[in-house]
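Please read them with the structure open.

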Amino acid sequence: MSVNVGTVDRIFRAALGLALLYLAFLSGLPLFEGALLKYGAAVVGLVMLIVAATRVCPIYSVLGVKTCRA
């Protein structure tokens, strides 16, 4: 798969991924006490971090979207 995630998109995804992991495991908010929302946020956060690290988004590939210059 080719690179299709740009720098601004990567920064946003990394920040969102870290925020979701924080909310899921460290925030102590009552909203994230339920297993579904806690682990759902954790999975989405991990996916965001993986996409930010690899610069490849499968959904972007399917839709033909490219946010990087190269």
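1. Cys-57 has a relative accessibility of 5% and so counts as buried (buried is under 20% relative accessible area, exposed over 50%, partly exposed in between, with a 1.4 Å probe and protein chains only). Cys-68 is in no disulfide, and its nearest cysteine sulfur, that of Cys-57, is 11 Å away. For a disulfide, the two cysteine sulfur atoms have to lie within 2.5 Å. Cys-68 is also buried, at a relative accessible area of 14%. Over the whole structure, the search returns zero disulfides.

2. A word on provenance. This is a predicted model, in which local features need pLDDT of at least 70 and side-chain atom pairs count only at pLDDT 80 or more, while totals for chains, interfaces and linings use all residues. Numbering runs from 1 along each chain as its sequence is written, and side-chain values use heavy atoms, with hydrogens and water left out.

3. Overall architecture. The protein chain has three helices and zero strands, in the order α-α-α along the sequence. Helices (H or I, at least four residues) and strands (E, at least two) are DSSP runs, numbered from the N terminus. The C-alpha trace spans about 45 × 20 × 15 Å along its principal axes. Of the 70 residues in the protein chain, 29% are buried.

4. Contacts and surface. Among contacts in the protein chain with a separation of 6 or more, 73% join residues 24 or more positions apart; contact means heavy atoms within 4.5 Å. The accessible surface of the protein chain is about 4800 Å², and carbon and sulfur atoms hold 73% of that surface. Accessible areas come from the Shrake-Rupley method with a 1.4 Å probe, and for residues only the protein chains shown count as cover.

5. Surroundings of Cys-68. This residue sits in the segment after helix 3 (58-63). Setting aside residues up to four places away in sequence, Cys-68 touches Val-3, Asn-4, Val-5, Gly-6 and Arg-55.

6. Arg-55. One of the contacts of Cys-68 is Arg-55, which lies in the loop between helix 2 and helix 3. Its phi is positive, about 65°, although Arg-55 is not a glycine. Most residues other than glycine have a negative phi. Arg-55 counts as partly exposed, at 25% relative accessibility. I would look at the backbone here when reading the model.

7. Which side chains form the salt bridge? The count comes to one salt bridge, and the side chains of Arg-13 and Asp-9 form it at 3.1 Å, N to O. The rule asks for a side-chain nitrogen of Lys or Arg within 4 Å of a carboxyl oxygen of Asp or Glu. Arg-13 and Asp-9 are four residues apart in helix 1 (residues 7-25), so about one helical turn separates them. Both partners are buried: Arg-13 has 9% relative accessibility and Asp-9 has 13%.

8. Other contacts of Arg-13. Beyond its neighbours within four places in sequence, Arg-13 is in contact with Val-5, Met-48, Val-51, Ala-52, Cys-57 and Tyr-60.

9. Nonpolar core. The largest nonpolar core has six residues: Leu-20, Leu-21, Ala-24, Phe-32, Ala-41 and Ala-42. Such a core is a set of buried Ala, Val, Leu, Ile, Met, Phe, Trp, Tyr and Cys residues joined through side-chain atoms within 4.5 Å. Helix 1 and helix 2 (35-54) each supply at least two of its residues, and helix 1 gives the largest share, three residues. Apart from neighbours within four places in sequence, Ala-41 is in contact with Leu-20, Ala-24 and Phe-32.

10. Nonpolar surface patch. Tyr-22, Phe-25, Leu-26 and Tyr-39 form a nonpolar patch on the surface, with about 480 Å² of accessible area together. Patches are made of residues with over 30% relative accessible area and no salt bridge, where like charges are joined within 9 Å and nonpolar side chains (Val, Leu, Ile, Met, Phe, Trp, Tyr) within 5 Å. Tyr-22 is in helix 1 and counts as partly exposed, at 45% relative accessibility.
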